[in-house]
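Welcome, and please take a moment to look over the model below. We will walk through it together, one part at a time.

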Amino acid sequence: MSSKLVDTIAAIATPPGKGGVGVIRLSGPKALAIGECLTSKALSVRKAHYAYFKDQSDDTLDTGLAIYFAGPQSFTGEDVVELQGHGGPIIQDLLLKEVIRLGARQARAGEFSERAFLNDKIDLAQAEAIADLIDSATAQAAKGAMRSLQGEFSNKVNALLKELIYLRMYVEAAIDFPDEEIDFLADDKVHKSIKTLQVSLAETIKQAGQGAILRNGLRLVIAGKPNAGKSSLLNALAGHDAAIVTDVAGTTRDIVSETIDIDGLPVHIIDTAGLRDSDDTVEKIGIERARKAIDEADHVLHIIDASESGVQLDIGSNNTTLVYNKVDLRAPTTQTGLRVSALTGAGMRELKEHIKDLAGYAQDSETVFTARRRHLTALAQARDAVERGLDQLTLHNAGELLADELLQAQNSLNDITGEFSADDLLGEIFSGFCIGK
């Protein structure tokens with residue numbers, strides 16, 4: 001699917017703010033001409049040229065390196081030029097304006113990666129892995145994204161597609177030659193092939209599920225009455241003072257969030273205002289926000305002060321774990337739930353293991369690639385189509401309906417790598433990328 005685009009795009013490829021180096025990236029048919037005009041040099045392929053970057057008045061805007069990557073041997077598959085100057089925002093803005101004056105246009109978010117996809121340099125799953133790599137919240141998530149970027153997820157999907165296509169060919173050949181003496185649909189070969197395909201799909205779905213956990217993490221809300229030790233527990237899990245802790249009930253009046261790494265699992269922990277009846281206007285707003293956070297949580301830790309004989313609150317969520325805090329102040333009881341002390345660290349290891357279990361996270365994830373919700377949906381659709389096809393074959397010996405279900409499964413898998421993807425889906429995916437990537 002070669003790109004038919006003829007314009008040249010440009011963007012600042014380094015993060016906003018001050019830094020030692022700032023990079024402006026160009027891609028398209030005018031990239032080389034613009035680079036040579038700015039530097040007054042003939043740029044050789046894959047060679048770093050030290051140059052003065054000058055504007056139309058021959059005033060020097062900046063100095064740095066210019067590197068030319070000739071298409072199709074570049075990230076986008078087009079001619080690419082990178083201008084590596086100093087990292088000041090004013091300098092970068094002036095240089096970008098000059099690049100645009102010379103014939104480039106400002107790139108949209110994700111447009112460089114989109115062009116790489118359109119020019120068959122990467123597939124859609126690999127393109128999404130670029131954004132996942134940038135957004136990784138843990139080292140394990142970064143490793144998983146890199147495995148996806150290197151094609152591990154795509155290779156598994158392509159292997160499934162190969163099985164599906166071979167099976168479809170066999171089934172459709174049997175349909176096309178119904179007068180043969182042997183009923184090819186009735187033999188064990190088709191049934192065995194479908195069963196093998198189902199096993200492969202189940203394994204890939206399991207791995208993709210772990211990949212989605214690595215990418216998305218777990219949204220965990222800490223809730224309970226005032227002074228139950230919610231903020232202390234957040235600080236203990238985070239390993240630093242993320243929230244203010246005092247003996248005054250109702251200290252936390254707003255949402256306090258922190259992303260932590262539990263053995264490679266990203267956990268987005270949200271500390272909330274203590275739940276109680278209050279006439280304080282500000283505290284009431286905090287309690288309303290706490291209720292909203294509970295509604296949106298993947299799971300809630302209901303914190304109870306173990307040193308008191310308090311009654312459990314109606315948190316308003318079925319996905320709740322009771323956690324008795326301050327156990328260092330009270331002898332063990334028969335109460336059901338986890339027992340911890342944010343002060344001494346007692347029970348914290350067990351709490352972290354519980355959090356991993358909630359997410360279904362397997363720490364041994366050295367072979368896991370990152371995946372997205374849409375990937376899991378597509379895999380589930382393919383699995384369901386194959387299952388329906390097997391039913392059609394087993395119950396009705398309906399080869400045509402089996403072939404149709406296998407085609408539906410194939411189309412679902414094609415959505416993952418982008419073999420056949422609607423333009424609106426591509427727009428939605430790439431719009432979430434960084435500008436300059």
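This is a predicted model: local features need pLDDT of at least 70, side-chain atom pairs count only at pLDDT 80 or more; totals for chains, interfaces and linings use all residues.

Residues are numbered from 1 along each chain as its sequence is written, and side-chain values use heavy atoms, with hydrogens and water left out.

Let us take in the whole protein. It has 13 helices and 12 strands. Of its 437 residues, 46% are buried, where buried means under 20% relative accessible area, exposed means over 50%, and partly exposed is in between (1.4 Å probe, protein chains only). The accessible surface comes to about 21,400 Å², and 52% of that belongs to carbon and sulfur atoms; such areas come from the Shrake-Rupley method with a 1.4 Å probe, and for residues only the protein chains shown count as cover. A contact means heavy atoms within 4.5 Å. Among contacts between residues at least 6 apart in sequence, 62% join residues at least 24 apart.

Now back to E353 and R349. Their side chains meet in a salt bridge (3.0 Å, N to O), a term for a side-chain nitrogen of Lys or Arg within 4 Å of a carboxyl oxygen of Asp or Glu. E353 counts as partly exposed at 32% relative accessibility, and R349 is partly exposed too, at 40%. Salt bridges that share partners also join D7, E78, R105, R108, E111, E114 and R115 into one network.

How many salt bridges are there in the whole structure? A search finds 25. One of them joins the side chains of D7 and R115 (2.6 Å, N to O). This pair links distant parts of the chain, because D7 is in the segment before β1 (9-12) while R115 is in helix α3 (residues 111-118), 108 residues apart. D7 is partly exposed at 26%, whereas R115 is buried at 1%.

Another salt bridge pairs R25 with E82, with the closest N and O atoms 3.0 Å apart. R25 belongs to strand β2 (residues 22-27) and E82 to strand β5 (residues 80-85), so the pair ties together parts 57 residues apart in sequence. R25 is buried at 14% relative accessible area, and E82 is buried at 14%.

Helix α10 (residues 348-359) also meets helix α8 (residues 230-238): their axes come within 11 Å and cross at roughly 80 degrees. Axes are lines fitted to C-alpha atoms, for helices over the stretch in contact, and angles run from 0 to 180 degrees between N-to-C directions. Since 65 to 115 degrees counts as roughly perpendicular (under 35 is roughly parallel, over 145 roughly antiparallel, the rest oblique), α8 and α10 are therefore roughly perpendicular to each other. Here L233, A236 and L237 in α8 meet M348, L351 and K352 in α10.

Finally, look at Q410 in helix α12 (residues 399-417). Q410 is buried at 12% and touches L161, L164, I165 and R168, not counting residues up to four places away in sequence.

Technical notes
Helices (H or I, at least four residues) and strands (E, at least two) are DSSP runs, numbered from the N terminus.
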